[in-house]
Amino acid sequence: MSAVSKGGAVPDGPIKARKSAMPDDKPTQAITFLIMVAVSRTLCTKWLLSGDNAFAYPVLYSAISCVTSSLAILLFVMLGEAQIKFIKREHLSSFALIASLTAVDMGATNIAVESISVALQQTIKASLPVMVVLLELCLQQKYHGTMVYMSVIPLTAGPVIAAFGTDVVDFSLSGSIWMVIAVAAAAVKSVKLYQAIKVMRKDMGMVSFLLWLELSTLVILGPWSVINGEFWSVRDYSLVDDYGHWAVICAVSLLGGLRAFATTMVLRYADPISLASSSVLIQMSTVVLSILLFNTKVTFLLVVGTVVSVGGFALFTIAKFKANAETQESASMLESDETVTFAENEGPSGSTAEKASLIKKDFDHNDQLKAYTTPLNREWKRFGM
C-alpha cells in the first residue's frame, strides 16, 4: 500500500493521473500577476513623484532604487540562492556603456513621469519599436517586412496626437523631451548592445549581471542628482524626518524588482507572445486607471492618440511574430536540405549548414522581441523605475 486513508489503501497511479489531468493555470496566474505588478508600479511611482507631499526628486529616487535593489540582491546572495561573479576585462567597455544608457533611461523616465500625465508618458513609451526599427535600418542595414513598417505609422502619429490633446496642466514640453530621450537610450541599448548583454548574462549569470549593473548605474545617478541639485534640496522636503514615508519610498522602488520577477515567471511558464500581449494590456490598463486616479482631463485627441499608439504596438507585435514564424520555416527548409546533402555526400554541405546556423543566430526574433517589450532593460530588471 502506497497511501493509507480511512477508506483503506489508495494506489499512487490514479492520483498522479488525476493530477496530470488537471489544467495547468500557471501561465494565466503569471500573466495576471505581471499585469497587476506592472500597472501598480507605474501608478505608485506617479503618485509618489507628483501626488500629495510629492517626492519631487526623480533622479535621486532613481538612485535610491539602485540602492534598494542592490541590497535586495545581496540578501538573495546571502541566502545562498546565487553567487557573485566579476565582470570580465574584455566586457568592461561594453558594460560601462550599458550602465550609462540604463542610467539615462531611468533618470529621464522618472523625470517624465513626474511632469507629464501617465497617458502621454505611456504613449511616448510605445514608440520604442519605431526607434529600434530606424536604428536597425540606419546602423545595421537590417530590413523588416511591410507589416512592421506599417506599424511605425500609428506608433509615430499616436504620441503627436496625444500631445495635442493633452491639457496644459498634464503637459510639459521638457517632460515629453525627457521621455523621448529615455526611449532613445533604450533603443540604442537594444540595437547596439543586445548581443553584449546576452553574452555577459551568460558568463556572469543574471544575479551578478544585475548587481553590477545596479551599482554601476548608481555611480552615474548619484553625481547626476548632486549636479542638478536634488541631493541638496531634499533636505527641505516636508517629510524628510518621517521614517514611515521613507519606508513607503523604498517599498515603491521595490515594485520594479517585483515586476522583473513577474516577467521572469511569464517567460518561464508561458511564451514570448504572451509577454508581448500582456505588455499591450499593461499599457491599456495603466492609461485607463491613471486617467481615473489622477483626474487627467480626457479629450478626444488624447483618446485617439492613445488608442492609435496601443493599436500600433499590437500591430508591431503581430508583425514580429509573423516574421519569426517565416524565419523558422526557412531555417527548417535549410536544415532539411542539409540532411539530404549529408546523406548523399556522407558529409554536410558547408554553405547550407552555415546559412542555417546564421539564420538561427541572427534572426532570433523571440529574443529580440523580449528586448523590445522588456526594455533590458532588465528581465529581472530592477527594484525601481
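Helices (H or I, at least four residues) and strands (E, at least two) are DSSP runs, numbered from the N terminus. The model is predicted, with local features needing pLDDT of at least 70, side-chain atom pairs pLDDT 80 or more, and totals for chains, interfaces and linings using all residues. Residues are numbered from 1 along each chain as its sequence is written, and side-chain values use heavy atoms, without hydrogens and water.

**Exercise 1.** Determine which helix gives the largest share of the nonpolar patch, and classify Leu173 as buried or exposed.

*Solution.* Step 1: Val104, Phe171, Leu173, Ile177 and Ile181 form the surface patch. Step 2: Helix H8 (residues 173–192) supplies the largest share, 3 residues. Step 3: Leu173 belongs to helix H8. Step 4: Leu173 has a relative accessible area of 57% and is therefore exposed (buried means under 20%, exposed over 50%, partly exposed in between; 1.4 Å probe, protein chains only).

**Exercise 2.** Classify Pro129 as buried or exposed, and find which residues beyond its sequence neighbours it is in contact with.

*Solution.* Step 1: Pro129 lies in helix H6 (residues 128–140). Step 2: The relative accessibility of Pro129 is 2%, so Pro129 counts as buried. Step 3: Leaving aside neighbours within four places in sequence, Pro129 is in contact with Leu155, Phe313 and Phe316 (contact means heavy atoms within 4.5 Å). Step 4: Pro129 and Phe316 are 187 residues apart in sequence, yet their C-alpha atoms are 7.6 Å apart in space.

Key
Patches are made of residues with over 30% relative accessible area and no salt bridge: like charges are joined within 9 Å, nonpolar side chains (Val, Leu, Ile, Met, Phe, Trp, Tyr) within 5 Å. Accessible areas come from the Shrake-Rupley method with a 1.4 Å probe; for residues, only the protein chains shown count as cover. A salt bridge is a side-chain nitrogen of Lys or Arg within 4 Å of a carboxyl oxygen of Asp or Glu.
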